[in-house]
Amino acid sequence: MQAMVLNKIGSLLQWTELPDRMPSAGQVRVKIAACGVCRTDLHVVDGELPHPQTPIIPGHEVVGRIDAVGEGVAGLQVGQRVGVPWLGYTCGTCPYCVMHRENLCDHPLFTGYTRDGGFATATIVDARYAFPLGDAGSDVSLAPLLCAGLIGWRSLTIAGAGATLGIYGFGAAGHIVAQIARWQGRSVFAFTRPGDLAGQAFAKSLGAVWAGGSDEAPPEQLDAAIIYATVGDLVPLALKAVRKGGRVVCAGIHMSDIPGFPYRFLWEERQLLSVANLTRQDGLDFLAKVPEIGIVTKTTTYPLQRANEALADLRAGRFEGAAVLTP
């Protein structure tokens, strides 16, 4: 197998030939057809997440087909197309797992961060976290759904059922969630980097009723806002934009520090929440809805060996939607 490996935090990924790996009990091996490039991959490379480990193969929006099955695996078979998300293993015994809140597991493993991920031609997966995808849709179009889509779905659920929704940061997750929210009958207000007229036009093309810079106030108060940008300065702005009793959801795994702000921004029962990972039920619920919703992902593809270029373009905001690597 071949992979783009992070050998040292802050360094470029290295193209590496590795021995083929066989699945152990409860695991499957997936021959990778596509892997999305997520902002969390930048956090891994930059060492912004706690307890970084190297060497590691990044990537956690994996689409491929099973080509080997370990002992004791039921319900999956060779040749089946599956998706592999960020949460790659949970212990099943800690208090959170017992409470069916496995997204908060005390002893998790994360794909592309604490276990090898999808910037490779193959990967070993805990069979419990290999989601059947069926045969509809291309591998490339499905890849961003495995994180941007799944975390977007969970964040939208946590945001509540309000009719007016603000989306701060209109990248991979934002452009998917806007489509889901419109399908649900909500009005979407999109916030981009100040001056990003192309991004604002992109948001409007997906049905946003208003699009502007993150430094602008929306034309009406919002029922809820979701922040996908990793900028803590947006939290006070989003709180100011929501109505009394409104919710602001921070959807990133990492965010710069939130600055101090007057208590009146939070008062009147506004709520500030975060999203952590996902549960398997989130994955099953969302992926079952995808054909009905008719989500269209906007993607820019790169060969696997150009993973460093894809990460650099993501960091610089050089594309709309999501980047996807293909072997």
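Author: Buried means under 20% relative accessible area, exposed over 50%, and partly exposed in between, with a 1.4 Å probe and protein chains only. The model is predicted: local features need pLDDT of at least 70, side-chain atom pairs count only at pLDDT 80 or more, and totals for chains, interfaces and linings use all residues. Residues are numbered from 1 along each chain as its sequence is written, and side-chain values use heavy atoms, with hydrogens and water left out.

Reader: Is F189 buried or exposed?

Author: The relative accessible area of F189 is 2%. Because the value is under 20%, F189 is buried.

Reader: Which class describes the aromatic pair of F189 and W210?

Author: Rings of Phe, Tyr and Trp (its six-membered ring) pair if their centres lie within 6.5 Å; planes under 30 degrees apart count as stacked, over 60 as edge-to-face and the rest as tilted. By this rule there are nine aromatic pairs. For F189 and W210, the centres are 6.5 Å apart and the planes 40° apart, so the pair is tilted.

Reader: With which side chain does the side chain of T90 make a polar contact?

Author: T90 is buried, with a relative accessible area of 1%. A polar contact is a pair of N or O atoms within 3.5 Å; within protein, one must be able to donate a hydrogen and the other to accept it, and residues adjacent in sequence count only if both atoms are side-chain atoms. At 2.7 Å, the partner of the T90 side chain is the side chain of Y129.
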